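Subject: Structure handover and findings

Dear colleague,

Please find below the structure that I am handing over to you. My findings follow it.

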Amino acid sequence: MAGFEDAGYRVDLATGTSGGGVVSLANTFGRAVVVTGLALNLTTASTGAGTVDAGIAAAATTSSDNLIDGASTATIAVLNNGVNAGTNGKSAVTWKTDQFLTVSQASGAVAGLVGEAVIKFFPV
């Protein structure tokens, strides 16, 4: 397809407990993109029975679960919006230029968590 671009982005996970405390990433691409995949590659599990939500939010510190909803961080795993969508997760979400992709502690604790988020998207 002429002009089609496909991209990915990687960012390390943090262990913050507030909205966007695990990942808070602004759309700096200069245009809206459609997120078609979000994978959280957990290389070290959280020390407790924590869960995370991930999605596109209006602010850097706002939790969203429109990609991953309530996925456990208690074991080493690769969480993604295809398998771990939960009740609210979708297969694709538009990420506008004034929005953020956030990963947030949903329950329990994410202390000790290590890994990275891998985001797959294309521009619109």
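In which sense do E2 and strand E8 pair, and over how many bridges? E2 and strand E8 (residues 100-107) pair in the antiparallel sense, over four bridges. Two strands count as paired if DSSP finds at least two bridges between them. The strands themselves (E, at least two residues) are DSSP runs, as are helices (H or I, at least four residues), and both are numbered from the N terminus.

Before the details, a note on the basis of the values. This is a predicted model, in which local features need pLDDT of at least 70 and side-chain atom pairs count only at pLDDT 80 or more, while totals for chains, interfaces and linings use all residues. Residues are numbered from 1 along each chain as its sequence is written, and side-chain values use heavy atoms, with hydrogens and water left out.

The sheet

E2 and E8 belong to an open sheet of four strands, whose order is E2-E8-E4-E5 and whose pairing is antiparallel. E2 and strand E5 (68-72) stand at the edges with a single partner strand each, so one side of each has no neighbour in the sheet. From one strand to the next, the twist averages 20°; for this angle, axes are lines fitted to C-alpha atoms (for helices over the stretch in contact), and angles run from 0 to 180 degrees between N-to-C directions. As background, strands of a sheet pair through backbone hydrogen bonds, either parallel or antiparallel.

E4 is joined to E8 by seven bridges, and the two run antiparallel. On E5, E4 has an antiparallel partner over three bridges. E4 is mostly covered, with seven of its seven residues buried; buried means under 20% relative accessible area, exposed over 50%, and partly exposed in between (1.4 Å probe, protein chains only).

Thr51

Thr51 lies in strand E4 (residues 51-57) and counts as buried at 16% relative accessibility. In E5, Thr51 stands opposite Ser72, and in E8 its bridge partner is Ser107. The side chains of Thr51 and Ser107 also make a polar contact at 2.6 Å. A polar contact is a pair of N or O atoms within 3.5 Å; within protein, one must be able to donate a hydrogen and the other to accept it, and residues adjacent in sequence count only if both atoms are side-chain atoms. Leaving aside neighbours within four places in sequence, Thr51 is in contact (heavy atoms within 4.5 Å) with residues including Gly70, Ala71, Gln105 and Val110.

The salt bridge

The structure holds one salt bridge, defined as a side-chain nitrogen of Lys or Arg within 4 Å of a carboxyl oxygen of Asp or Glu. The side chains of Glu116 and Arg10 form this pair, at 2.7 Å from N to O. The two residues come from distant parts of the chain, 106 residues apart: Glu116 is in strand E9 (residues 114-123) and Arg10 in strand E1 (residues 7-12). Glu116 counts as buried, at 18% relative accessibility, whereas Arg10 counts as exposed, at 56%.

Strand E1 also holds Ala7, which is partly exposed with a relative accessible area of 27%. Not counting residues up to four places away in sequence, Ala7 touches Ile119, Lys120 and Phe121.

Aromatic residues

There are three aromatic pairs in the structure. Rings of Phe, Tyr and Trp (its six-membered ring) pair if their centres lie within 6.5 Å; planes under 30 degrees apart count as stacked, over 60 as edge-to-face and the rest as tilted. The ring centres of Phe29 and Trp95 are 5.6 Å apart and their planes stand at 90°, so this pair is edge-to-face. Phe29 lies in the loop between strand E2 (23-26) and strand E3 (33-44), and Trp95 in strand E7 (residues 93-95), so the pair ties together parts that are 66 residues apart in sequence. Trp95 is buried at 0% relative accessibility, while Phe29 is partly exposed at 29%. One aromatic cluster is formed by Tyr9, Phe29, Trp95 and Phe121.

Ala74 is found in the loop between E5 and strand E6 (77-80) and is partly exposed at 34% relative accessibility. Among the residues that Ala74 touches, beyond four places in sequence, are Ala45, Gly48 and Gly50.

Yours sincerely
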